[in-house]
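Morning, everyone. Please look at the screen, and I'll walk you through a few features.

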Amino acid sequence: MATTKVYIVYYSMYGHVEKLAEEIKKGAASVEGVEAKLWQVPETLSEEVLGKMGAPPRSDVPIITPNELPEADGLLLGFPTRFGMMAAQFKAFMDATGGLWRTQALAGKPAGIFYSTGSQGGGQETTPLTSITQLVHHGMIFVPIGYTFGAGMFEMENVKGGSPYGAGTYAGDGSRQPTELELAQAFHQGKHFAVIAKKLKGSQ
């Protein structure tokens, strides 16, 4: 059986989304016959501006171009929120996929979303909800995690990011890092998504 390729494409200024992406990759790769790969979208801010914002150096994860997206059998897209919507860097990348939209090169491919916000009311649901429009115009199939994560979805004693839309974390002032529960949800999303992507590829 042919390998199912899952691309985890993300933007992460301070590393929170990247940590989720790494766990999502582990989850996807745990499914037999699935090859998972991490990609970053291009930065739109200058090094000077990033320095003033206190952003750490970027990791060595390769930068993706829009033309490489059709190679994947499924896409998991991750980004921080800016005022309840996807960060401009990721939006700029999606805006550059017009050529793929014209040919509907991504139509029928499964896609999922994961994200980071600064606070509990900062967009854990509005960010993925408003991002679904990007998938719709490309004719992609949105794959949420729903409540398949089980009891972890109902955690009330500790602060936990994420929602039925996808895995998530809270950055706070930037010092808070994803918790074990948030990372476990990210792993689950990767595995859950990979199983579905594999089934869709096998039915073609």
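How many salt bridges does the count come to? The count comes to 5. Keep in mind that this is a predicted model.

Let's take one of those pairs. E23 forms a salt bridge with K26. Their closest N and O atoms are 3.0 Å apart. A salt bridge here needs a Lys or Arg side-chain nitrogen within 4 Å of an Asp or Glu carboxyl oxygen, so this pair counts. Where do E23 and K26 sit? Both are in helix α1, 3 residues apart. That spacing is about one turn of the helix.

Now the helix itself. Helix α1 covers residues 16-29, and helix α6 covers residues 180-202. Their axes come within 7 Å and cross at roughly 45°. That angle makes α1 oblique to α6. Left-handed or right-handed? The crossing of α1 and α6 is right-handed.

Which residues meet there? From α1, we have K19, L20, E23, I24, K26, G27 and A28. From α6, the partners are E182, L183, A186, F187, Q189, G190, K191 and A194. Sorted by class, this contact has 7 nonpolar, 3 polar and 5 charged residues. Notice that E23 and K26, our salt-bridge pair, are both on the α1 list.

Next, a loop. G146 lies between β6, residues 141-142, and β7, residues 168-170. Setting aside neighbours within four places in sequence, G146 is in contact with M153 and P164. How far is G146 from I24? Their C-alpha atoms are separated by 16 Å, and along the chain they are 122 residues apart.

Last, the record. An unreviewed UniProt entry lists residues 6-194 as "domain: Flavodoxin-like". That span is 33% helix and 19% strand.

Terms used:
Residues numbered from 1 in each chain as written. Predicted model: local features only at pLDDT ≥ 70, side-chain atom pairs only at ≥ 80, totals over all residues. Heavy atoms only, no water. UniProt positions renumbered as here; feature names shortened; annotations may be inferred. Helix = DSSP H or I, 4+ residues; strand = E, 2+ residues; numbered from the N terminus. Axes fitted to C-alpha atoms, helices over the stretch in contact; angles between N-to-C directions. Parallel < 35°, antiparallel > 145°, perpendicular 65-115°, else oblique. Left-handed = near helix turned anticlockwise from the far one by under 90°. Contact = heavy atoms within 4.5 Å. Nonpolar A, V, L, I, M, F, W, Y, C, P; charged D, E, K, R; others polar.
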